[in-house]
Amino acid sequence: MPHKALMRARAAELRAVFEGAGAQPIETAILQPAEVLLDLYGEDIRARAYVTSDALRGEQMLRPDFTVPVVQMHMEHGAEPARYTYAGEVFRRQEVDPNRSSEYLQVGFEVFDRDNPAKADAEVYATIHGAIAHLDVRAATGDIGILKAAVHGLETTERRKRALARHIWRPRRFRALLDRFSGRTPAPATRLNLLAQDDPMSAAGPVIGLRGMREISDRIEALREDAAVTPIAATQVDLIDAILNVRETLPFALERLRDIAVDMPAITEAVVRLQERMEALAALGVDVDNLEFEGSYGRTQMEYYDGFVFGFYPDARPDLPAVATGGRYDALTRVLGEGDEIPAVGGVIRPGLVVQLEGAA
Amino acid sequence: MTIKLGVPSKGRLMEKTFDWFGARGVALSRTGSDREYAGAVEGVDGVELVLLSAGEIPRELAAGRIHLGVTGTDLVREKLGMWEQQVEELAKLGFGGADLIIAVPHCWVDVDTLDDLDAAAAAFRAEHGFRLRIATKYHRLIREFMKEHGVADYQLVDSQGATEGTIKNQTAEAVADITSTGETLRANHLKLLSDGLVLKSQATLFRSRKARLQGADKVRLNTLIDKLNIEG
């Protein structure tokens, strides 16, 4: 492991690079109110973040990343458009792999700009890539926005689309839902039994707890409606799979997605955005002809990445995590902004890994 | 030095453990008054009995302060990260059997599977403005199980006892707890999810991978393991 002072110096240099790209340096508190993070990410965040507490402020988390406090800061009193940079420790619980750090530095670059999302995506990617271009890293990119658009474009009920959209970031449950909605797997016997009864509540016994009779009846009603819905056509499921299976260099991926859009026009707008992004990347000197694109990239990472996603991986060191990652998180600003929203894209570099890879070179 | 054997300090778990060792020619007993946590070992040399709360035995094994310990598989998996690297399972003792399960009110006729629970949780959150609460003391095991099965929009609330009562008291909507017969669940108007079995647990003899063994102790441990007639 490189010396901490060395990593800190490298972090300062990287932050200076982002300042040079027009970003304003900011600081955030290390202790973050747990409630906000829990509400956003759910119970999973407890497996990733350290929780502590006191009798006055209740539960606090050691910041697992900068995104949430930076978005909050911007939405409270930021001017638009804005570019921010920061450098500091983040803290992650490790329960599976003792070789992963539980405390490490991140240097970030975040852009809040309504004007031209494709240009902002390209700017963040190119700026971060520029800062680590001397390292032997492989770039991976994807676009959750295309999958989202495809789900919304399915010929089925709003309720089914909502259920699928909710699980885009949980591939296993997404697949199970898709299989059931398309009739590939039958409804469980207990559900068929339930729906066959005239009065399903007859054997319910006493109603206890906060979830009351009306909520139970509402869901039974929803299940009845859903049982009568025509299954999602196999051709539509194949199109979703086709999107998830795209794995090409960017220009070929774009071709492939355009073909898919002929049969699924709902993704056309998202595919146009991909093309605009490719052009914006090329204009900034990124070698898009050799840039990898994967239809399923980013699905198992952070929820709320809902558009462009990218990461840089040290191919010679498969044991190390990504040196830099980032993406678009418009949905996050919508949730935190309580009605307000601002298109946002950003990424982070891990200076500790940068120093480690530089030392190996 | 001696080999330290950690055994639950009270109740049926202690008695059954004493019986199990006794049947294999190793007599364990409590000494002194009923309230004093001291014990004796006969039938094998150089083994010391340490009476501990079953919940503390995983930690003591991981710290290497005891060489062997009897506790439930549920506790080892809940309390130790990468448990296989810290302890080795020597023998399942055939008692103390219990299942870690997820249960919901019996009146939830619309919920039978994790898939239903997930859908009900989404609707619950929209209705009440907070995530559906599951009361448990097995935070890690339940979180991992839910993640693996892609259940969202829930939260865990800590409950160290009388967990089944939390639903009636409206401090939780579902529970995740250990049950052996399911009687407490039924008495509290709860039912199991048909695919909600998280873990089957029973009393198990573990060996610490962290405790140091020197010269004579190594021999002592092997002698004990031979005598217990288990694969070491």
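**Chat: the A–B interface and the sheet of chain A**

Student: Hi! How many salt bridges are there between chain A and chain B?
Tutor: The count is 13 salt bridges between the two chains. Keep in mind that this is a predicted model.

Student: How much area do the two chains bury between them?
Tutor: About 3400 Å², with 49% of it on carbon and sulfur atoms. In terms of contacts, 40 residues of chain A meet 41 residues of chain B.

Student: New topic: in what order do the strands of the chain A sheet run?
Tutor: The nine strands go β1-β5-β6-β12-β11-β10-β7-β9-β8, in an open sheet with mixed pairing.

Student: Why do β1 and β8 have one side without a neighbour?
Tutor: β1 (24-25) and β8 (247-249) of chain A stand at the edges with a single partner strand each, so one side of each has no neighbour in the sheet.

Student: Parallel or antiparallel for β8(A) and β9?
Tutor: Antiparallel, over three bridges, with β9 of chain A covering residues 292-294. There, A:Thr249 sits opposite A:Glu292.

Student: Which strands does helix α1 of chain A lie across?
Tutor: Helix α1 (residues 4-20) lies across β1, β5, β6 and β12 of chain A, at about 5 degrees to β6(A).

Note on methods: Residues are numbered from 1 along each chain as its sequence is written. Chains are lettered from A and ligands numbered from 1 in the order in which they are written. This is a predicted model: local features need pLDDT of at least 70, side-chain atom pairs count only at pLDDT 80 or more; totals for chains, interfaces and linings use all residues. Side-chain values use heavy atoms; hydrogens and water are left out. Two strands pair if DSSP finds at least two bridges between them. Helices (H or I, at least four residues) and strands (E, at least two) are DSSP runs, numbered from the N terminus. Contact means heavy atoms within 4.5 Å. Axes are lines fitted to C-alpha atoms, for helices over the stretch in contact, and angles run from 0 to 180 degrees between N-to-C directions. Buried area is the accessible area (1.4 Å probe) that two parts lose on being put together, summed over both. A salt bridge is a side-chain nitrogen of Lys or Arg within 4 Å of a carboxyl oxygen of Asp or Glu.
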